Amino acid sequence: MCGPRGLPAAPNLLYRNRGDGRFEDVTAKAKFDQAAGYYALSVSTLDFDEDGWPDIYIACDSTPSILYRNNGDGTFTDVAILAGAAVNEDGREQAGMGSTVGDYDGDGHLDIFKTNFSDDTSTLYRNNGDGTFSDLTFPAGMGLNTQYLGWGTMFLDFDNDTWPDLLLINGHVYPEVDIHKLGSSYHQPRVLYHNNGDGTFTDISQAAGPGISAERSGRGLAVGDLWNDGRLSAVVSNMNAPPSLLVNQVRYQNHWVGIKTVGTESNRSGIGARLTLQVGARTLVDEVRSGSSYNSSSDLRVHFGLGSATKIDYLQIRWPSGLTERFFDLPLDTIVTLKEGTGKAVQTPPDNPKQ
């Protein structure tokens with residue numbers, strides 16, 4: 001089972017949308033080509049340092065991961081090593097496959113989760129809020145499942161209790177592992193981690209139904225509220241088999257809200273907008289994101305579980321244009337469309353170069 005080591009690496013490319021239906025290759029101009037020699041797989045965007053500029057995280061196979069920091073001048077710098085998001089806590093590169101972004105511990109900073117090859121753990125990087133990350137895989141209770149080869153993964157609050165849970169899609173690369181009995185299998189079950197709300201997760205896969213326990217060689221994973229009823233479902237692509245539709249069949253008593261962003265000065269879908277929702281003592285944070293997981297793009301509407309809360313204090317949106325505004329009196333248990341420029345403008349911090 002040979003990995004990619006020894007094979008020629010391909011360069012990362014960045015195409016800038018010109019806004020006229022065409023794209024411009026700005027790879028060299030943006031200094032994207034200075035991160036070379038990697039075997040890149042999944043891509044997730046996030047503003048990890050919260051400076052108003054979208055950064056890019058790339059999970060890489062057999063090489064350290066890449067974290068392109070947006071310098072705000074059209075260029076990027078790979079800061080993964082300095083930020084603590086390149087390797088695991090042992091200082092070892094992993095076979096990164098899929099990645100997802102979410103605030104799993106409720107501290108207002110977006111964290112990163114990455115799936116890896118079998119005989120290894122997935123990796124949970126906690127955002128420390130100072131531009132660095134800490135590998136908290138084992139303290140979070142995710143160090144046991146080493147037999148799976150992970151691909152697509154997504155944070156999703158399936159029970160709407162305000163804490164993002166995690167869904168992992170697994171499957172081996174080589175069908176021959178079944179013949180040679182190498183301690184792993186080509187078809188593998190999915191894994192569902194429930195967020196305990198205290199920085200730890202519990203593997204509830206065994207009790208999560210046949211959609212999770214079914215064994216396939218899965219790859220892509222996309223999540224969305226397919227029936228607009230607040231229950232997130234998942235679509236999975238499988239190797240040499242039909243795709244799977246995992247339907248959330250439990251109706252929880254918790255409340256929820258879905259947010260569809262419409263940009264005017266910003267891009268039409270509001271991609272890159274940062275949403276901060278205040279519900280009592282809880283502050284929920286997410287971003288409008290296209291892509292992530294593994295070769296997949298999920299529902300662009302941002303979903304927030306609200307738990308037992310019966311009122312949203314406000315929702316703040318920092319748009320890609322730099323405008324920050326708040327929306328009040330939002331209804332619960334429905335999907336709300338919010339248009340840029342229709343909220344109450346909020347004065348932005350003076351140290352934010354974009355705003």
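This is a predicted model: local features need pLDDT of at least 70, side-chain atom pairs count only at pLDDT 80 or more; totals for chains, interfaces and linings use all residues.

Colleague: What makes the largest pocket a pocket, and how much space lies in it?

Modeller: About 930 Å³ of space lies in the largest pocket. It is called a pocket because its set of points is open, with protein on both sides within 12 Å along at least five of seven lines.

Colleague: Which residues lie nearest the centre of the largest pocket, and which elements give two or more residues to its lining?

Modeller: Of the 23 lining residues, L14, Y15, R16, N17 and F76 lie nearest the centre. Two or more residues of this lining come from each of β1 (15-17), β3 (40-46) and β4 (55-60). By class, the lining of the largest pocket comprises 14 nonpolar, six polar and three charged residues.

Colleague: Why is the space by F155, L156, D286, V302 and H303 called a cavity?

Modeller: Those five residues lie nearest the centre of the largest cavity, which 35 residues line. The name cavity applies because a 1.4 Å probe fits at its points but cannot get out. About 560 Å³ of space lies in this largest cavity, and the structure holds two cavities of 30 Å³ or more.

Colleague: Which element gives the largest share of the lining of the largest cavity?

Modeller: Strand β20 does, with six residues. At least two residues are supplied by each of β7 (99-102), β11, β15 (218-224), β18 (255-262), β20 (282-287) and β21 (302-307). The classes in this lining are 15 nonpolar, eleven polar and nine charged residues.

Colleague: What volume does the second largest cavity have, and which residues are the closest to its centre?

Modeller: The volume is about 100 Å³. T121, S122, N145, Y148 and L168 are the closest to the centre, out of 14 residues that line the second largest cavity. Strands β12 and β13 each supply at least two of the lining residues.

Colleague: How do you know that β12 and β13 pair?

Modeller: Three bridges join β12 (residues 165-170) to β13 (residues 191-195). Pairing requires at least two bridges, so these two strands pair. They run antiparallel, and L168 stands opposite V191 in β13.

Colleague: What makes β11 and β14 edge strands?

Modeller: The open sheet has the order β11-β12-β13-β14, with antiparallel pairing. Strands β11 (150-156) and β14 (201-203) each pair on one side only, and are thus its edge strands. On average, neighbouring strands of this sheet are turned by 20° against each other, direction ignored.

Notes: Residues are numbered from 1 along each chain as its sequence is written. Side-chain values use heavy atoms; hydrogens and water are left out. On a 1 Å grid over the protein atoms alone, a cavity is a set of points where a 1.4 Å probe fits but cannot get out, and a pocket is an open set with protein on both sides within 12 Å along at least five of seven lines; lining residues have an atom within 4 Å of a point. Grid points are joined across faces, edges and corners, and a volume is the space filled by probe spheres set on the points. Helices (H or I, at least four residues) and strands (E, at least two) are DSSP runs, numbered from the N terminus. Ala, Val, Leu, Ile, Met, Phe, Trp, Tyr, Cys and Pro count as nonpolar, Asp, Glu, Lys and Arg as charged, and the others, Gly among them, as polar. Axes are lines fitted to C-alpha atoms, for helices over the stretch in contact, and angles run from 0 to 180 degrees between N-to-C directions.
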